[in-house]
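I opened my notebook to look up how this chain is put together.

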Amino acid sequence: MSILTALLSLFSCQAQNNNNKGYESLSVEAYEQAIADTMVVRLDVRTAEEFAEGHIEKALNIDVLKSDFEQKATSTLPKDKTIAVNCRSGKRSKNAAKILVKNGFKVIELDPGYNGWIAAGKKVVK
């Protein structure tokens, strides 16, 4: 019984932590459903080279590793729309999501990244 209680506590703490970060991390399937909404802005935060090799259709590209990411993002992206962020593996998109949330954006991000999107056989463009 105590193992079950410990597991439940662990999961409730994780859920609580996820809610406190200010953005939502989504599975490939949930992300695909979310970006089907034409009001959602798709943002790929990988390098220009990575983006050119293939990306999710209709995505904008602003490299989160560049020093001007925050300035470019805040001057380019609409604050009245949800921003759907992705990177290669999910690490950079989480960093970008934190920056965007700090600037007042509503953000979702692709938890497994572009690699997860590809692995799931989802459509990309080059």
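**Entry 1: helix α2**

Which elements do the buried residues of α2 pack against? I looked them up and found β1, β2, β4, β5 and α6 (113–119). I must note that this is a predicted model: local features need pLDDT of at least 70, side-chain atom pairs count only at pLDDT 80 or more, and totals for chains, interfaces and linings use all residues. Residues are numbered from 1 along each chain as its sequence is written, and side-chain values use heavy atoms, with hydrogens and water left out.

I then listed the buried residues of α2 (residues 28–35): Val28, Tyr31 and Ile35. Buried means under 20% relative accessible area, exposed means over 50%, and partly exposed lies in between, with a 1.4 Å probe and protein chains only. These three cover an arc of only 65° around the axis, so they sit on the same side of α2. The arc is that of the directions from the helix axis to the C-beta atoms.

**Entry 2: the whole chain**

I counted elements next. The protein chain has 6 helices and 5 strands. Helices (H or I, at least four residues) and strands (E, at least two) are DSSP runs, numbered from the N terminus. Along the sequence I read α-β-α-β-α-β-α-β-α-β-α. Of the 126 residues in the protein chain, 37% are buried.

**Entry 3: the sheet**

What is the order of the strands in the sheet? I wrote down β1-β5-β4-β2-β3, an open sheet of 5 strands with parallel pairing. Two strands pair if DSSP finds at least two bridges between them. The edge strands are β1 (23–26) and β3 (60–61), and each pairs on one side only. I checked β1 and β5 (residues 106–110): they run parallel, joined by 4 bridges. Glu24 has Ile108 in β5 as its bridge partner.

Helix α5 (residues 91–102) packs on this sheet. It touches β1, β2 (41–44), β4 (82–86) and β5. The direction of α5 makes about 180° with that of β5. Axes are lines fitted to C-alpha atoms, for helices over the stretch in contact, and angles run from 0 to 180 degrees between N-to-C directions. Contact means heavy atoms within 4.5 Å.

**Entry 4: the cores**

How many residues does the largest nonpolar core have? I found 17. A nonpolar core is a set of buried Ala, Val, Leu, Ile, Met, Phe, Trp, Tyr and Cys residues joined through side-chain atoms within 4.5 Å. Those with the most contacts inside it are Leu43, Val45, Leu77, Ile83, Val85 and Leu100. Two or more residues come from each of β2, α4 (69–76), β4 and α5. Helix α5 gives the most, with 3 residues. I also noted a second, separate core of 11 residues, including Tyr31, Ile35, Ile56 and Ala84.

**Entry 5: two loop residues**

Is Thr47 buried or exposed? I found Thr47 buried, because its relative accessible area is 18%. Thr47 is in the loop between β2 and α3 (48–53). Beyond its neighbours within four places in sequence, Thr47 is in contact with Asn61, Asp63 and Arg92. The C-alpha atoms of Thr47 and Val64 are 7.9 Å apart, although these residues are 17 residues apart along the chain.

I ended with Asn103, in the loop between α5 and β5. Leaving out residues up to four places away in sequence, Asn103 touches Glu70, Thr74 and Lys79. A polar atom of the Asn103 side chain lies 2.8 Å from the backbone oxygen of Ile99.

How values were computed: A polar contact is a pair of N or O atoms within 3.5 Å; within protein, one must be able to donate a hydrogen and the other to accept it, and residues adjacent in sequence count only if both atoms are side-chain atoms.
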